[in-house]
Each structure stands twice: as C-alpha cells, then as structure tokens.
Amino acid sequence: MPHSFGYRAATRTLFKKKFKTKGRCHSTTYLRTLKRGDYVDIKVDSSQHKGMPFKYYHGRTGVVFNVTQRAIGVGVNKLVNGRIINKKIHVRMEHVHPSTCRDEILRRRKENEAHKAAVRSGKAEKKSLKRQPVQPKAGYFYTLTATPETIQPIPYVDLV
C-alpha cells in the first residue's frame, strides 16, 4: 500500500516499459495518422513525460475528438459515483495507439453485406446473420463394438 498519494503514486509496475524497449519511442509513433472518430487505446510511455495522462486513463479505450500538432484529444468514459461521465483529455501521440476493438465488428459487417449481396443475386441461401452463442454438441447414439466387461468391487478388509 502506498504511503504517498501523489500524482504518480502506485505506478511502479503500471508505467513500466516492456523488456528491451528502454529509451525513446520509434519515429513511426509520430507518423501515425489518426482522425476524429477513431478508437484509440491509451497506453502510457514512461520515457516521455510531456503529455502524459493521469494513471486512471492508462489502458482505457476512447474516441478521438480533436487532433492538434502534437497531441490527440480523446474522450474516455469514467465511472464516478454510479454515473458515467465522458471525460475529454488531450494526450501526446506517444501515449496513444490505434485500437483493434472495432476490427471484429467491421469484419463481420463486411461478411454480412457480402452474404446479403449473394442472396440477392441468388448465389447463396438465406440465413440468420446474427451472432449465436456456442450451442451444445448434438446428441447421438453410441453403438457397442465389443461386449462390455463387468467389474466387481473388491471387498473391504480392515487390516488394523
């Protein structure tokens, strides 16, 4: 438990860099293109102190609402006393990564639109495009290949 409650208290492991990633970040970090509406993950790079978000936002996903020369404005939902508040913070590029949270949704939507087009053209059968939970295995009858061997229990013997 921490004894000081400063701005960066209890961040020893939270802001720790991965093995063999010591030092400044790569130049590709600055060359990333982010637009308004993009989903981004906030991941603090402890080698860059400027534009570092508060520790609460580390690991959170938000939506870009503003792009400036060196920073990105990100809207993040925060639970405060039972209500969700949309907090808007500005974070430097080093602490922001494009999120992969929407990749599955976009892939599924593309497949569904392709299937709908195939159904309209008559090349495919109509089916439900909704996601289904994993169903239990189908039942079947087991057929014996050999006669089963009956095993009798060994009578209990008290050796004491």
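This report covers the nonpolar core, the salt bridges and a surface patch of a predicted model.

## Basis

Residues are numbered from 1 along each chain as its sequence is written, and side-chain values use heavy atoms, without hydrogens and water. The model is predicted: local features need pLDDT of at least 70, side-chain atom pairs count only at pLDDT 80 or more, and totals for chains, interfaces and linings use all residues.

## Nonpolar core

The largest nonpolar core has 12 residues, among them Leu34, Tyr57, Met93 and Val96. Such a core is a set of buried Ala, Val, Leu, Ile, Met, Phe, Trp, Tyr and Cys residues joined through side-chain atoms within 4.5 Å. Strands β1 (39-42), β3 (71-80) and β4 (83-92) each supply at least two residues of this core. The largest share, 3 residues, comes from β3. Strands (E, at least two residues) and helices (H or I, at least four) are DSSP runs, numbered from the N terminus.

Val76 is one of the core residues. Leaving aside neighbours within four places in sequence, Val76 is in contact (heavy atoms within 4.5 Å) with Ile42, Tyr57, Arg60, Thr61, Gly62, Ile85, Asn86 and Lys87.

## Salt bridges

The count is 5 salt bridges. The rule asks for a side-chain nitrogen of Lys or Arg within 4 Å of a carboxyl oxygen of Asp or Glu. Lys17 pairs with Asp45, with the closest N and O atoms 2.7 Å apart. Lys17 lies in the segment before α1 (28-31) and Asp45 in the loop between β1 and β2 (61-67), so the bridge ties together parts 28 residues apart in sequence. Asp45 is buried, at 10% relative accessible area. Lys17 is partly exposed, at 25%. Buried means under 20% relative accessible area, exposed over 50%, and partly exposed in between (1.4 Å probe, protein chains only).

Glu104 and Arg107 meet at 2.6 Å, N to O. They are 3 residues apart in α2, about one helical turn. Glu113 and Lys116 bridge at 3.4 Å, and this pair too is 3 residues apart in α2. Glu113 is partly exposed at 41%, and Lys116 at 35%. Salt bridges that share partners join Glu104, Arg107 and Glu111 into one network.

## Surface patch

Tyr140, Tyr142 and Leu144 form a nonpolar surface patch, with about 470 Å² of accessible area together. Areas come from the Shrake-Rupley method with a 1.4 Å probe; for residues, only the protein chains shown count as cover. Patch residues have over 30% relative accessible area and no salt bridge; like charges are joined within 9 Å, nonpolar side chains (Val, Leu, Ile, Met, Phe, Trp, Tyr) within 5 Å.

Tyr140 sits in the segment after α2 (103-121). Tyr140 is exposed, at 70% relative accessible area.
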